[in-house]
Amino acid sequence: MIDDSLPAYSQPFLPGAIRELASSGPLAEITPEWAWGGSTGKGVKVAVVDTGIEYDHPAVGGMVRGGVVVEWDESLEDKLRYDPDEHPIDVAGHGTGCAGIIHAIAPEAELYSVRVLGTNMSGRAWQFGAGVNWALENGMDVVNLSLSTSKKDYFAMFHSLTDEAYFKNIMLVSAASNFDEPSMPSLYAALFSVSSHAGKDPFTYYYNPNPPVEFGAPGIDLRVAWKDHGYVIATGNSFAAPHIAGIVALIRGKHPELTPFQIKSVLWACAANVRKA
Amino acid sequence: MVKSDNPKDNPLEEELGHLIQALSAAGRAAMLGSPDALLSSIVEAAARIFGAAAASILLVNEVEGELEFKVAFGAGSDDLAGVRIPLNQGIAGYVAMSGQPIAISDVAQDTRFNQDFARSTGYVPRSILATPLLAGERVIGVMEVLDKINAPSFGMQDIELLGLFARQAALAIDQAQNIENMGEALLISLNRLATSDPEHPLENVRAVLQASPDAGSGNDLLKIADLLNEFSRMGEAEREMALKILGFLAEYSQGQRRMSTGAGWR
């Protein structure tokens with residue numbers, strides 16, 4: 001029964017719950033054709049902050065351009081080590097799954113692996129934050145965050161990273177937690193927050209006008225790339241976020257002048273539940 | 001004086017050791033049986049309710065950076081208890097590090113998926129549902145069920161349902177760990193108290209214990225234990241604070257004794 005079971009934060013995207021919204025004026029003139037028609041994401045740099053990306057997986061089509069491994073290192077003053085990652089691997093499969101979804105939508109976008117999952121439990125939120133920071137400092141245009149933290153201690157850190165991205169014109173796309181718990185950074189308004197709907201078409205997404213999640217994209221029972229050149233069927237908001245990240249990369253590629261709030265408006269205008277009044 | 005490491009040479013230390021052990025045992029008894037037995041029954045119940053071929057619980061070992069199979073039920077579960085895998089690898093590793101559940105299937109198709117895991121268990125699952133065991137915001141382990149019988153994959157409802165089992169398991173594990181941690185903390189602090197006066201080792205603790213021969217000191221310890229346990233359940237910050245308080249208490253007590261014996265700072 002997929003109809004009445006979606007992850008927490010995805011309830012607004014149940015078939016019966018999706019609200020029909022009306023657009024008007026110049027915004028109503030925006031169409032998917034204008035927004036991303038003909039775009040391949042060429043020239044757009046997309047970071048995937050996750051378990052790594054298997055650089056030679058067929059699903060990423062040779063578009064992985066490098067990346068970094070963020071490790072927790074007690075011997076350093078700030079405890080964080082950044083190891084350049086020319087030919088990234090994926091320690092679990094999850095990051096490759098996300099990267100494969102982005103590549104399928106934006107085949108010429110450049111992919112960068114930001115691996116933040118190490119073996120240190122207490123350092124993991126710091127590694128996560130440091131990975132986002134690396135993306136902000138290294139010229140990324142779009143950053144996919146299919147992970148979150150529920151620890152309120154990190155509220156301020158992720159808030160400032162999110163605002164920094166916003167003012168640097170970098171699109172952070174963040175999956176909401178699958179649990180009903182504080183979900184940082186997806187809860188911040190300055191980024192693109194995403195949870196799941198049960199559909200399969202990669203370009204069908206919905207806009208939710210009520211907080212805390214703005215976009216609903218496919219995330220249930222999807223065939224995604226996995227480690228060791230494999231594929232699995234997977235479920236979770238993790239796989240919804242890269243759909244939006246891919247579409248944002250397309251829009252960015254075609255309209256490089258648009259800022260985060262403008263791209264959000266474009267996404268709103270092209271959402272499947274928004275129609276011209 | 002030469003301090004012996006052998007508790008047998010030191011009756012009071014031995015006595016303290018017994019007391020702590022009794023305390024831990026009392027705590028465990030309060031949990032309706034041993035934690036392992038409880039966890040075993042939880043994974044078995046989960047496997048049966050999901051119609052899964054197997055189910056298991058892995059615990060986080062932060063020091064080693066590993067996940068260790070604690071209990072397992074069903075296919076491939078023989079000798080699985082005690083098997084360790086790196087904390088940052090594979091599906092269980094992903095769940096532990098991300099704190100997020102995941103349902104995946106068709107895992108053996110077209111892939112060398114988790115060959116190490118398969119080698120260690122002799123069993124390659126077709127579908128996996130894994131969810132973190134959470135103590136507050138802390139991930140203490142991972143619970144997974146493998147191969148839903150009569151269905152190709154686990155769905156969102158299964159994720160929710162497994163979450164309920166995981167909450168039970170996490171409570172049991174967290175309680176057991178709290179009791180163990182608390183016992184250790186008490187032992188360390190009491191040892192510090194006991195060994196702080198080099199002229200009269202253990203004199204102070206001996207006095208406390210002897211002042212109430214009717215097991216009153218045991219009750220006091222239990223009260224301290226209760227308080228610390230309460231603290232430790234509140235979260236990491238509180239747990240740290242409880243340890244600091246114990247430390248301060250030990251230092252304060254040492255200071256008092258130095259003043260009363262006129263031994264001064266050394």
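This is a predicted model: local features need pLDDT of at least 70, side-chain atom pairs count only at pLDDT 80 or more; totals for chains, interfaces and linings use all residues.
Reader: What about α2(A) and α5(A): at what angle do their axes cross?

Author: The axes of α2(A) and helix α5 (residues 241–254) of chain A cross at roughly 35° and come within 8 Å. The crossing is right-handed.

Reader: Which residues make that contact?

Author: From α2(A) come A:C98, A:I101, A:I102 and A:I105. From α5(A) come A:P242, A:H243, A:A245, A:G246, A:I247, A:A249 and A:L250. By class, the contact of α2(A) with α5(A) has nine nonpolar residues, two polar and no charged.

Reader: Let me turn to another helix pair. How do α3(A) and α4(A) cross?

Author: Helix α3 (residues 124–137) and helix α4 (residues 155–167) of chain A have axes that come within 10 Å and cross at roughly 15°. That angle makes α3(A) roughly parallel to α4(A), and their crossing is left-handed.

Reader: Which residues meet there?

Author: A:G129, A:V132, A:N133 and A:L136 in α3(A) meet A:M157, A:F158, A:L161, A:E164 and A:A165 in α4(A). This contact of α3(A) with α4(A) comprises six nonpolar residues, two polar and one charged.

Reader: Now the other sheet, please. What is the order of its eight strands?

Author: The order is β11(A)-β12(A)-β4(B)-β5(B)-β6(B)-β1(B)-β2(B)-β3(B), in an open sheet with antiparallel pairing. At the edges stand β11 (222–226) of chain A and β3 (84–86) of chain B, each with a single partner strand, so one side of each has no neighbour in the sheet. Neighbouring strands of this sheet are turned by 30° against each other on average, direction ignored.

Reader: How many bridges join β12(A) to β4(B)?

Author: Three bridges join β12(A) to β4(B), and the two run antiparallel. In β4(B), B:A103 is the bridge partner of A:T235. Strand β4 (residues 102–105) of chain B is also joined by four bridges to strand β5 (residues 127–135) of chain B, again antiparallel. There B:A103 stands opposite B:L129 in β5(B).

Reader: How many residues of each chain are in contact with the other chain?

Author: The contact involves 32 residues of chain A and 34 residues of chain B. On the side of chain A that touches chain B, β12(A) gives the most, with six residues. That side has 15 nonpolar, 13 polar and four charged residues.

Reader: Is β1(B) largely enclosed or left open by the rest of the structure?

Author: Eight of the 10 residues of strand β1 (residues 52–61) of chain B are buried, so β1(B) is largely enclosed by the rest of the structure.

Reader: Which strands does it pair with?

Author: β1(B) pairs with strand β6 (residues 138–148) of chain B in the antiparallel sense over seven bridges, where B:S56 stands opposite B:E144. Eight bridges join β1(B) to strand β2 (residues 66–74) of chain B, also antiparallel, and here B:I57 stands opposite B:V71. β1(B) and β2(B) form a hairpin with four residues between them, and B:G65 in the turn has a positive phi of about 65°.

Reader: Lastly, is α3(B) covered or exposed?

Author: Helix α3 (residues 90–98) of chain B is mostly covered, with nine of its nine residues buried. Among them are B:I91, B:Y94, B:V95 and B:M97. Just after α3(B), B:G99 takes a positive phi of about 70°.

Notes:
Residues are numbered from 1 along each chain as its sequence is written. Chains are lettered from A and ligands numbered from 1 in the order in which they are written. A residue is buried if 20 or more other C-beta atoms lie within 10 Å of its own, exposed if 12 or fewer, and partly exposed in between; C-beta atoms are placed from the backbone. Two strands pair if DSSP finds at least two bridges between them. Axes are lines fitted to C-alpha atoms, for helices over the stretch in contact, and angles run from 0 to 180 degrees between N-to-C directions. Angles under 35 degrees count as roughly parallel, over 145 as roughly antiparallel, 65 to 115 as roughly perpendicular and the rest as oblique. A crossing is left-handed if the near helix is turned anticlockwise from the far one by less than a right angle, and right-handed if clockwise. Two residues are in contact if their C-beta atoms, placed from the backbone, lie within 7 Å. Ala, Val, Leu, Ile, Met, Phe, Trp, Tyr, Cys and Pro count as nonpolar, Asp, Glu, Lys and Arg as charged, and the others, Gly among them, as polar.
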